[in-house]
Amino acid sequence: MKATDSDKIKRRQLRFEDYLQMVSAEQKEYAEVCASPKMAETDSTDTNQQREGLLEQILSRDNLNRAYKQVKKNKGAGGIDGMQVDELLHFLKENKNELVQSLRDGKYRPKPVRRVEIPKENGKTRKLGIPTVVDRLIQQAICQILSPLFEKQFSDNSFGFRPKRSAHDALKRCQTNITEGYRWVVDMDLEKYFDTVNQSKLIQILSETIKDGGVISLIHKFLRAGVMVKGLFEDSPQGVPQGGPLSPLLRNIMLNECDHELEKRGHRFVRYADDMMIFCKSRKAAGRTLDHISPYIEGKLFLKVNREKTRVAYVSKVKYLGYSFYIYKGEGRLRIHPKSVQKFKDKVREVTGRSNGMGIEARRLRLNQMVRGWMNYFKLADAKKLIQGLDEWIRSRIRMVTWKRWKKVRTRFKNLKRLGIKEEQAWMWANTRKGYWHTAHSPILLTALHNRRFERAGYLSLMGCYSAK
């Protein structure tokens, strides 16, 4: 069996030479870009690290080992070469030295990403690009070295994909702004951000901090690697592939320019990834801010503002990171946005569907994961009544799918009696012609399958998780 698995791995691996391409003049080109005399060093640039060579730090043994562990931890699907995360270690044992040398020599050429489309709430799709696991390893190694370098430059109002910062921190900052009287917002939306990033502008911004031409060249190769769509190659002259470890860092680096411009103009704002809200004290001020910042974003950063979705609104009328806002006694407070509730209910419906093929234990585990995760994210909201109502609805869904599982009259009769229902009532309800959802709300099932029984069976409740926040 071991021999079979080994043969399978070897068959699925590409030859290492397939990962290499001959180096072109771009290595020299980017070395010259990085050496531009107008790129002054700032306090945010660690010049000692720069002199030591960023590429050598990226390719160091310790950094690559850390990158491998992170890729292994993140798991994920394979890229266009078919190699899976579990096969990466075997590949590295055989080819690590050649891989590192090709990166050092500038001969490494990333593979095109595999296009995957994820459905969005509005019926459209989000285009993800799945790199090969080898490319993911290299991107992760780059991120681990560059992140501390750029972290010093990032704005205090930026919260997405940064160490020791979270969506909750962004929401709390929003609350602070609202409490201090900034109750009109510019709800900014960038149209197809990942598809429209100007790569030349991004490279220019990177070059102001990164003085190692080899690193700039390698990043640009990832940007220009292209996309495989249904077996056909598509070039990527603009945009940043969404789905690799490098894309969140590049997004923050690009939008950090906008952050500093807003700070220079004295605006209060909160940005999480490319979701940004600018806070103002009046509708008129918010309108002026939108009129002034849009030309900067489009004219200087070459990004496109989505005019249909970008708007000026009172804070109670916007949705941000799944939450909505309200004001109580002059204080900014949080609610769960109705769309977030609906999305959660749709997922619960899938898990508690009458014919999804899930077993009792698998359903319970999945429901518990959803309840714990959803409530952990929305624990900042004032939502006691809403959560109690959702708990009742989830219990009814479980009762419904349980009743469906007791298909036959004899099985229903037997189980109802076992759960303490009198024989006459058990027989009557076992023969009912009422629908599953109607029966789930009947007094007989509310008695037989009461909430305490669900607790003893190991089902978590939203209210239990919410109370423990």
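Visitor: How many cavities of 30 Å³ or more does a search of the whole structure find, and what makes a space a cavity?

Guide: The search of the whole structure finds 2 cavities of 30 Å³ or more, each being a set of points, on a 1 Å grid over the protein atoms alone, where a 1.4 Å probe fits but cannot get out. This is a predicted model, in which local features need pLDDT of at least 70 and side-chain atom pairs pLDDT 80 or more, while totals for chains, interfaces and linings use all residues. Residues are numbered from 1 along each chain as its sequence is written, and side-chain values use heavy atoms, with hydrogens and water left out.

Visitor: Which residues lie nearest the centre of the largest cavity?

Guide: The largest cavity holds about 120 Å³ of space, and among the 16 residues that line it, Val 113, Gln 139, Phe 222, Pro 241 and Leu 246 lie nearest its centre. Two or more lining residues come from each of α7, α11 (213–223) and α12, helices being DSSP runs (H or I, at least four residues).

Visitor: What makes a space a pocket, and what volume has the second largest pocket?

Guide: A pocket is an open set of points with protein on both sides within 12 Å along at least five of seven lines, and the second largest pocket has a volume of about 410 Å³. Its lining counts 22 residues, with Asn 74, Gln 140, Gly 244, Pro 245 and Pro 248 closest to the centre. Helix α7 gives the largest share of that lining, 6 residues.

Visitor: Why is the contact of Arg 104 with Glu 56 called a salt bridge?

Guide: The closest N and O atoms of Arg 104 and Glu 56 are 3.0 Å apart, and a salt bridge asks for a side-chain nitrogen of Lys or Arg within 4 Å of a carboxyl oxygen of Asp or Glu, so the pair qualifies. Arg 104 lies in helix α6 (residues 88–105) and Glu 56 in helix α4 (residues 54–58), so the bridge ties together parts 48 residues apart in sequence. The structure holds 15 salt bridges.

Methods. 1 Å grid on protein atoms, 1.4 Å probe; cavity = no way out; pocket = protein on both sides within 12 Å on 5 of 7 lines; lining within 4 Å. Points joined across faces, edges and corners; volume = space filled by probe spheres on them.
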